Amino acid sequence: VAKKWFLALVVALLAPAACGGDDGGSYVGFRRPDALVVSGASLPDVTTGAPEGSRFSFRAEPGHLLMVYFGFTNCPDLCPTTLAELRAAKRRLGDAAERVDLAVVTVDPARDTAEILNQYVGSFSEEYRVLRTDDVDELRAVEGAFLASSTIVTNPDGTVEVAHTANLYAVDDAGTVVLEIPFGAGTDGITNDLELLLEEIPA
Amino acid sequence: MTAVHDPDTTPAVSPAGVPEPSVTETASTTEMASTTASRPPRSPYRRLVVFGVSFGSLVLAVLAVVVALRLADSEPTTEPTQHVYVIDWGTARQIELGQHYFLVPGVLRVTEGDELVVENNDETPHVIGPITVRPGERISYTFTSVGYLQGACTVHPEDEMVIIVEPRT
């Protein structure tokens, strides 16, 4: 009897140690109780090879995830870091990376020509879409759909300051923003979230 | 009751059957350490004491191992903090009227694993760092990596804020 009681004691003491800690399976990014729907938004598609005058709607291909990012090519920190982290995360995904697409919207169309955009985003991803409009209202409408924003201030000395939302938006094939990943999640965080999202979406 | 007895014979036992230690018995035990040949039979009382001490030691040892394992496996000692900011109705209007409003510090220091929770009860969307919150919405975000974030903040007079995420120690 004493032996059995002793074993029970050890099991009881060890059990919390084994169960504590990691609560794996949770997203690094955040989801809204009432998800954003961006399927109605679209912008001119200036990706190399896209038909002249075509527009891109913010929805993923069936079984895919569309990662949307608002940025600009002269960005010194947030944009290259985020795009590099996304590239690294996709490499970790292996074959599943084929189901993750990327669309980059420039918030600085005055300096980001179609050619510059293609060259820049193409250095981070083989498959991508680059979206650009000279119509500020059109850009604001799309930013508003994502609850994103951007401002450009030209200083008296000619330097340009651009502020913009630095989140990565994961959009599904219905045009719903299923997850927002803020800057700072890092490669580990992005990889974690993409893996979880891809599990949710049937291939 | 026998106070002195022969160590080679049955140990002294009280009328109630409880072994009775004696001066003579203690001496014979000391002697026994050097010669096992003359070892007297152990009393039930001593067996109980030895078992009790052994069992107690074993339990303490197991407890020590368990505590050590848990300490080695556990998360850092400091618990994550929840930084909750509730934006009241009329906040945007107050700011628009030029009233100073310091709901969020200009520099928010958090620790890895801390959670930022923003509840917007105002009539317009608000931005606090990486989170844009619509009216009536409550969003939470956990800082998972160390870093320095500079971003917009619509509930701060200077319209921007810095978030410093420090490592958890």
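User: What do the numbering and the confidence limits rest on?

Analyst: Residues are numbered from 1 along each chain as its sequence is written, while chains are lettered from A and ligands numbered from 1 in the order in which they are written. As this is a predicted model, local features need pLDDT of at least 70 and side-chain atom pairs count only at pLDDT 80 or more, whereas totals for chains, interfaces and linings use all residues; side-chain values use heavy atoms, with hydrogens and water left out.

User: How many helices and strands does chain A have, and what makes a run count as one?

Analyst: Chain A has five helices and nine strands. Helices are DSSP runs of H or I with at least four residues, strands are DSSP runs of E with at least two, and both are numbered from the N terminus. Their order from the N terminus is α-β-β-β-α-β-α-β-α-β-β-β-β-α.

User: Why is A:Leu131 called buried?

Analyst: Buried means under 20% relative accessible area, exposed means over 50%, and partly exposed lies in between, with a 1.4 Å probe and protein chains only. A:Leu131 has a relative accessible area of 0%, so it is buried. This residue lies in strand 5 of chain A. Leaving aside residues up to four places away in sequence, A:Leu131 touches several residues, including A:Leu43, A:Phe56, A:Val104 and A:Leu117; a contact means heavy atoms within 4.5 Å.

User: What makes strand 8 and strand 9 of chain A a pair?

Analyst: Two strands pair if DSSP finds at least two bridges between them. Four bridges join strand 8 (residues 168-171) to strand 9 of chain A, and the two run antiparallel. A:Val171 stands opposite A:Val177 in strand 9 of chain A. The hairpin of these strands has five residues between them, and A:Gly175 there takes a positive phi near 80°.

User: Which strands make up the sheet in chain A, and why do strand 5 and strand 9 count as edges?

Analyst: Five strands form an open sheet in the order 5-4-3-8-9, with mixed pairing. Strand 5 (129-131) and strand 9 each have a single partner strand, so one side of each is left without a neighbour in the sheet. On average, neighbouring strands are turned by 20° against each other, direction ignored. Axes are lines fitted to C-alpha atoms, for helices over the stretch in contact, and angles run from 0 to 180 degrees between N-to-C directions. Strand 4 (residues 100-106) and strand 5 of chain A pair in the parallel sense over three bridges, and A:Ala103 stands opposite A:Arg129 in strand 5 of chain A. Helix 2 (residues 78-93) of chain A packs on the sheet, touching strand 3 (65-71), strand 4 and strand 8; its direction makes about 165° with that of strand 3.

User: How do you know that A:Arg32 and A:Glu180 form a salt bridge?

Analyst: A salt bridge is a side-chain nitrogen of Lys or Arg within 4 Å of a carboxyl oxygen of Asp or Glu. The A:Arg32 and A:Glu180 side chains meet at 2.6 Å, N to O, in a salt bridge. A:Arg32 is in the loop between helix 1 (2-19) and strand 1 (42-44) of chain A, and A:Glu180 is in strand 9 of chain A, 148 residues apart. Both residues are buried. Strand 9 (residues 177-181) itself is mostly covered, with five of its five residues buried.

User: What about A:Asp134 and A:Arg132: is each buried or exposed?

Analyst: These two form a salt bridge, with the closest N and O atoms 3.0 Å apart. A:Asp134 has a relative accessible area of 58% and is therefore exposed. A:Arg132, at 19%, is buried.

User: Why is B:Glu166 called partly exposed?

Analyst: The relative accessibility of B:Glu166 is 31%, so this residue counts as partly exposed. B:Glu166 and B:Arg109 meet in a salt bridge at 2.7 Å, N to O. B:Glu166 lies in strand 8 of chain B and B:Arg109 in strand 2 of chain B, 57 residues apart. Five bridges join these two strands, which run parallel.
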